[in-house]
Amino acid sequence: MSELDIPPILISASPKSASQFITFSLAEMLKIQHIWIASPAFMEEHIDLRQIYQLKRGNAIGKGHFKASDFNISVIEQHFPKMLLHVRHPGQSVLSWVHNMDRIYAQRDDAERWFGLFEQFSDCG
C-alpha cells in the first residue's frame, strides 16, 4: 500500500458520472485501498458505517452512489469535516449512460449467441 500518509477520500456521485474511473485511477496512482462504502441498492444507497470507520483510518478511497438523505448527510458531516464538491451536469450523465447502453446491449447479444451455441453442444451428450 501507500508509503504516504494520505487522508481518507470519499466520493459520492450519480451513476455514469465517471466516478468509477476516477476512484480506481486515484487508488492506483496513490497506491491506496478502494472501499465500497454504501449499501448495494440502486439509487437508495445508504452509507455503511463499518466501512466509514475503515475509510477514516486513511490511505483509502471510498465511493458510492448515495443520495443526500438526512442519515447520509449526518454521517458525512460527522466524519468528514473537509469537503470538495464537484457537480456534473445531469445531461452529461445521461449521454454517458446512453453511450454505455450500446456497449451493454452488444455484450448481451454476444452472450446470447455464446450461450445459444453452448446449449446446442450440451444437448449432444
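Select Thr-23 to start: this residue is buried, with a relative accessible area of 1%. The model is predicted. Thr-23 sits in helix α1. Now show its contacts, leaving out residues up to four places away in sequence: Ile-11, His-34, Ile-61 and Lys-63.

Select Ile-35, Ile-37, Ala-38, Ile-47, Ile-52, Leu-55, Ala-60, Phe-66, Val-75, Ile-76 and Phe-80, eleven residues in all. Helices α2 (49-55) and α3 are the elements that give two or more residues to this core. In soluble globular proteins, nonpolar side chains tend to be buried together.

Beyond residues up to four places away in sequence, Leu-55 touches core members Ile-35, Ile-37, Ala-60 and Phe-80. Its contacts also include Pro-8, Ile-9, Leu-10, Ile-61 and Gly-62.

Last stop: the largest pocket. Its volume is about 1100 Å³. Select Leu-10, Ile-11, Ser-12, Leu-84 and Leu-85, the closest to the pocket centre of the 28 lining residues. Then colour β1 (9-12), α1 (19-30) and α3 (70-79), the elements that each give two or more residues to the lining. Which element gives the largest share of the lining? β1 does, with four residues. Finally, colour the lining by residue type: 19 are nonpolar, six polar and three charged.

Notes. Residues numbered from 1 in each chain as written. Predicted model: local features only at pLDDT ≥ 70, side-chain atom pairs only at ≥ 80, totals over all residues. Heavy atoms only, no water. 1 Å grid on protein atoms, 1.4 Å probe; cavity = no way out; pocket = protein on both sides within 12 Å on 5 of 7 lines; lining within 4 Å. Points joined across faces, edges and corners; volume = space filled by probe spheres on them. Nonpolar A, V, L, I, M, F, W, Y, C, P; charged D, E, K, R; others polar. Core = buried A, V, L, I, M, F, W, Y, C linked by side-chain atoms within 4.5 Å. Buried < 20%, exposed > 50% of the residue type's maximum accessible area, 1.4 Å probe, protein only. Contact = heavy atoms within 4.5 Å.
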